[in-house]
Amino acid sequence: MALIIFAAGLFWFAYPRYQRISQGDDIAMKNLRAEYEAKNNYLGKIKNLKKLYQQVSQAEIKKIEGMVPNDSKIINLIPEIESIILRNGAVLDSIKVEPNFNKEASAKTNTEAGKKTESLSGIFGGPPPKGVGRIKIEISLSSVSYQVLKNIIKTLENNLRLLDIAAISYAVQENSAVFTIYTYYLIS
C-alpha cells in the first residue's frame with residue numbers, strides 16, 4: 001500500500017514538475033541555438049569583409065588617399081588650388097583656410113553677431129563621420145569673367161581631390177568672385 005501511495009505521489013507531484021523543467025530546458029536550448037546561429041552569421045560576415053578588404057589593391061588605396069588624404073598632406077592643397085586658378089586665367093587675391101572647422105560653433109557665433117548663417121553643404125548633411133575632418137577654404141579671386149568662372153568650377157569639381165563648393169559669390173561689375181569650399185581629410 002505504501003508503495004502505491006508513493007508511486008501515486010510521484011505521478012501527481014513530481015512528474016508535472018519534471019515536465020516543466022524539461023520544457024524549460026528545451027526552450028533555453030532553442031534560445032541558445034538561435035543566439036549561436038546569429039553570432040555565427042555575424043562572424044561569417046566579418047570574415048567575408050576581411051577577405052574583401054584584403055582584395056583591395058594598393059593602387060585603389062592610393063586613389064582613396066588622394067581623394068581624402070591624411071591630415072599631414074593638407075598643406076599640398078593650397079598650391080594645387082593656386083595652380084587651378086592660374087591655369088584658368090584668374091588672379092588669386094587670397095586664400096583663407098579654417099582647419100578643424102566646427103560648423104555648430106560657427107553658426108552660434110554668426111547668429112549672435114547678427115550675421116547671416118550659412119547652411120550645411122557638401123556630401124555630409126551634418127558633421128562628417130567619425131575619423132573624417134573637414135576644412136573650410138575661402139578663395140578670393142579677381143579678373144574673373146563668366147567663362148573663367150565656369151572653367152574654374154568645372155576644374156574644381158573634376159579634381160581628384162574631394163572638394164565641395166559650398167558657395168560662390170560673383171560680382172560682374174568688379175570681375176571678382178569668392179568661393180567657399182569644403183575639403184575633407186582622414187584623422188589618424
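Author: This is a predicted model. The protein chain has 5 helices and 4 strands.

Reader: In what order do the elements run from the N terminus on?

Author: Starting at the N terminus, the order is α-α-α-β-α-β-α-β-β.

Reader: And what does the chain average in pLDDT?

Author: The average pLDDT of the protein chain is 80, and 80% of the residues score at least 70. Among the elements, helix H5 (residues 146–158) has the highest mean, 90, while helix H4 (residues 103–112) has the lowest, 45.

Reader: Over which residues is the pLDDT below 50?

Author: Residues 103–113 form one such stretch, with pLDDT below 50. Beyond near neighbours in sequence, that stretch still has 12 contacts in the model. Residues 115–119 also have a pLDDT below 50, and this stretch has 10 contacts beyond near neighbours in sequence. Where pLDDT is low, the predicted coordinates should not be read in detail.

Reader: What share of the contacts comes from residues 24 or more positions apart?

Author: Counting contacts with a separation of 6 or more, 70% are between residues 24 or more positions apart.

Reader: On to H3. Which of its residues are buried?

Author: Helix H3 spans residues 77–87, and its buried residues are Leu77, Ile81, Ile84 and Ile85. They sit on the same side of H3 because they cover an arc of only 95° around the axis.

Reader: Which exposed residues are on the face turned away from the buried side?

Author: Leu86 and Arg87 are the exposed residues carried by that face of H3. Just after H3 comes Gly89, with a positive phi of about 90°.

Reader: Which residues other than glycine have a positive phi?

Author: Ser143 is one of them, with phi near 60°. Asn175 is another, with a positive phi of about 50°. For background, most residues other than glycine have a negative phi.

Reader: Where do Ser143 and Asn175 lie?

Author: Ser143 lies in the loop between S2 and H5, and Asn175 in the loop between S3 and S4.

Reader: What are the relative accessible areas of Ser143 and Asn175?

Author: Ser143 has a relative accessible area of 43%, so it counts as partly exposed. Asn175 is also partly exposed, at 35%.

Reader: Val172 next. Where is it found, and is it buried or exposed?

Author: Val172 is found in the loop between S3 and S4. With a relative accessible area of 52%, Val172 is exposed.

Reader: How far apart are Ile153 and Ile84?

Author: They are 9.8 Å apart in space, C-alpha to C-alpha, and 69 residues apart in sequence. Ile84 is one of the buried residues of H3.

Reader: And Ser169, what is it in contact with?

Author: Ser169 is in strand S3. Apart from neighbours within four places in sequence, Ser169 is in contact with Ser176, Ala177 and Val178. Ser169 is partly exposed, with a relative accessible area of 46%. Ser140 is 29 residues away from Ser169 in sequence and 9.4 Å away in space, C-alpha to C-alpha.

Reader: Last topic, rings. How many aromatic pairs does the structure hold?

Author: The structure holds 1 aromatic pair.

Reader: Which ring does the charged end of Arg134 sit over?

Author: The charged end of Arg134 sits over the ring of Tyr182, 5.3 Å from the ring's centre.

Terms used: Residues numbered from 1 in each chain as written. Predicted model: local features only at pLDDT ≥ 70, side-chain atom pairs only at ≥ 80, totals over all residues. Heavy atoms only, no water. pLDDT = per-residue confidence, 0-100. Helix = DSSP H or I, 4+ residues; strand = E, 2+ residues; numbered from the N terminus. Contact = heavy atoms within 4.5 Å. Buried < 20%, exposed > 50% of the residue type's maximum accessible area, 1.4 Å probe, protein only. Arc of directions from axis to C-beta. Phe/Tyr/Trp six-rings, centres within 6.5 Å; stacked < 30°, edge-to-face > 60°. Lys NZ or Arg CZ within 6 Å of the ring centre and 35° of its normal.
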